[in-house]
Structure formats: C-alpha cells, structure tokens
Amino acid sequence: MKNKKIRGRLILILVFVIMIASTILIANLVKNKTEFSENSAQETEEIGQNSEEELSDFSENLETEITDENSSLDEDQEQKPETLVETPTIKNENCTTSFGKLMLINPNFTVSTDFIAQRKTQLVNITELYGIKEGNEYNGIPLLDPEAAVNLNEMLNDYKKDYPGHEITTRSCFRSEGTNCGRLCYATGTSDHHTGYTCDLVDDAYGGLLDTDYLESHPEWIWLHQNSYKYGFIDRFVSSWAGGSMSAPVNVDTNGTTGLYETWHFRYVGKEVAKEIALGKYNDGNYDSLEHYLKASGRVKNLLDKTSCN
Ligand SMILES: [Zn+2]
C-alpha cells in the first residue's frame, strides 16, 4: 500500500517534470521562430531598401547621362552655324583675316562659313551691354566686336548730345549670312558684315530708310560721316569709291573701287587708321576706301588676289 503511494507520487512528479520541460521547449521554439521571422522581415526590408537605393542611383545616373547628353546636344546645336541660304563654296581663307580690325571681306577677299561661325563666338550683344537697339527685329540681336562696341556706344551717346531727343539704332551688325538681292547685297562669305566690326546705322526720326539719295540729306549721316573716325569708325562705302552710279554697278577693282555706295554702313578700323582714311592720307586728302587704303599702305599687293598680303 505504501509502495503504491510512493509510485503514484513518482509518476506525478515525472508527469510534472515532463510538462515543465515541454513548456520550456515550446517556449524556446516559439521564441526562435519569432526571431527568425523578425530577422527575415528585416533582411527583406534591407534588401528592399538596397534595391530601392540602387534603382534610385541608377535613375539618377541615367538622368545625369541624359541631361549631359541633352546639354551636349544643345551645345552642338548652338555651335553649329546658322542655316545658310544659297551659300557659295568658298575654299580658301582670306589673307587679311589675320589683320584684326583691318580685315577685308568683299567679293574678292572672301571668307569661309567656318570663319563666319567662329567670328560670331567672339562678339558681344550691344543691346544687352549698352542698350543700343536694333531697328528691325528681323535682323535679330545686334552683335559686334567688343572693342568696336565700346566705341560705337560712345559715338552714339555723343550723337544724342548733339541731337537731343534723337537716337541712332542699328539695321543689322554682324551677319552670318549674305544676301542675294543685286547690287546692294552680297553673297555669304563676301560681306563686310561678316567682320564683326560693322553696323548699319540710322536715326528713325529721319525716316530710317536705307535709301542713299534720301539719307544723304539726313543729319545723322552728315554727322556720322564727319565724326565717326574720331571713334575709330569709317564711312565704309562712300560715293567717291562706288565706281559708278547705282544703276550702273561695277565690281571691286584692283585700284580700290568698292562697287557700293551706302550712307548707313559704318565699319570699325580703330582710331588711327580711321583718321588716315577719313582725312585721305593716301588719297590726296579725300575720303579713302578701305580697299585702296590697304593697298596704298602696303598691306595688300593685289586687290583681286586674296592671298596677296604682305
Ligand atoms: Zn551694311
């Protein structure tokens, strides 16, 4: 009877121990499972974050590459010369283009479209810098050589002082393209406007028409013709060097004939040379042409040969 009791207690203790052990085991299993799940979730999250970061980096890189590509495309487009109309093929450069402000561009001393495109990059916007207005918006932004622009601004300000309430505006300065419209227009590569030293100038108060006979009586032409050399500009196409009347055009010749008569066309050559041209140092005291001046001063040998610089 006593043994039976003891066996019964032992069995109870054993069952109790087994229950406790089972409880501990289950508790451990549950704990491990929770940790595993948490770790898995964390890992998944980290992988997700990494993937998102990598994707975002890739997108950023791609965007940067696309932006770079676009900006280089824009640059390419900007660097390309403007679309040229009826451009004649000009194979050789002109020997005077190294003369700087004395460079000669005319139907005999031509330049290439590459030269014109490069020259454009050296010029400044005179509307932005000095408030000098272009009178015909079809001509676009007036561009000019920086040194010429400083002197043009001074000249036009002095004109305003002499003619209060008046203003001279440009009718195109630098041109990328020539124009094919007869005597007054030159094909691409042959125009003085490619030099970056030239502006056509008129005072709108006097009509602003580019008609020589009409403008000749205009105060702004008379003032510019008489005073422009003091600012380094010359009256580029005076009647005495046109070589004939407007109805009987002639081409530039070996003596210095320009073939043009334009009261509005002023060209920067620097003060020293402008004075010599305006006061006729090589032309018996009479207004000279740039062509004749370059030959008479020994800089160009033959005005029909653009390779004949000294
Ligand atoms: Zn002109």
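This is a chat about the fold and the packing in a predicted model.

Colleague: Hi! Before we start, what should I know about the numbering and the model?
Modeller: Residues are numbered from 1 along each chain as its sequence is written. The model is predicted, so local features need pLDDT of at least 70 and side-chain atom pairs count only at pLDDT 80 or more, while totals for chains, interfaces and linings use all residues.

Colleague: Thanks. How many helices and strands does the protein have?
Modeller: There are 8 helices and 6 strands. Both are DSSP runs numbered from the N terminus: helices are H or I with at least four residues, strands are E with at least two. Along the sequence the pattern reads α-α-β-α-β-α-β-β-α-α-β-β-α-α.

Colleague: And what is the strand order in the open sheet?
Modeller: This sheet of 4 strands runs β3-β4-β6-β5, with antiparallel pairing. Two strands pair if DSSP finds at least two bridges between them.

Colleague: Which strands stand at the edges?
Modeller: β3 (168–170) and β5 (233–237) do; each has a single partner strand, so one side of each lacks a neighbour in the sheet.

Colleague: How is β4 joined to β6?
Modeller: By 3 bridges, with β4 covering residues 198–203 and β6 covering residues 262–268. Cys 199 sits opposite Phe 266 in β6.

Colleague: How many bridges join β5 to β6?
Modeller: There are 4, and the two strands run antiparallel. In this pairing, Ile 234 faces Arg 267 of β6.

Colleague: Is β5 largely enclosed or left open by the rest of the structure?
Modeller: Largely enclosed, because 5 of the 5 residues of β5 are buried. Buried means 20 or more other C-beta atoms within 10 Å of the residue's own, exposed means 12 or fewer, and partly exposed is in between, with C-beta atoms placed from the backbone.

Colleague: OK, what share of the whole protein counts as buried?
Modeller: 31% of the 310 residues.

Colleague: Switching to the core: which residues have the most contacts inside the largest one?
Modeller: Leu 144, Leu 152, Phe 233, Ile 234, Ala 274 and Ile 277, in a nonpolar core of 44 residues. Such a core is a set of buried Ala, Val, Leu, Ile, Met, Phe, Trp, Tyr and Cys residues joined through C-beta atoms within 7 Å. The largest share of this core, 6 residues, comes from α4.

Colleague: What is Ile 277 in contact with?
Modeller: Leaving aside neighbours within four places in sequence, Ile 277 is in contact with Ile 234, Val 269, Asp 288, Leu 290 and Tyr 293. A contact here means that two C-beta atoms, placed from the backbone, lie within 7 Å. There is also a second, separate core of 6 residues, including Phe 237 and Trp 241.

Colleague: Which residues of helix α6 are buried?
Modeller: In α6 (residues 219–227) they are Glu 220, Trp 221 and Leu 224. They cover an arc of only 95° around the axis, so they lie on the same side of α6. That arc is taken from the directions from the helix axis to the C-beta atoms.

Colleague: Last one: where is Ser 176, and is Ser 176 buried or partly exposed?
Modeller: Ser 176 is in the loop between β3 and β4. Ser 176 counts as partly exposed because it has 19 C-beta neighbours inside 10 Å. Gly 196 is 20 residues from Ser 176 in sequence, and their C-alpha atoms are 9.8 Å apart in space.
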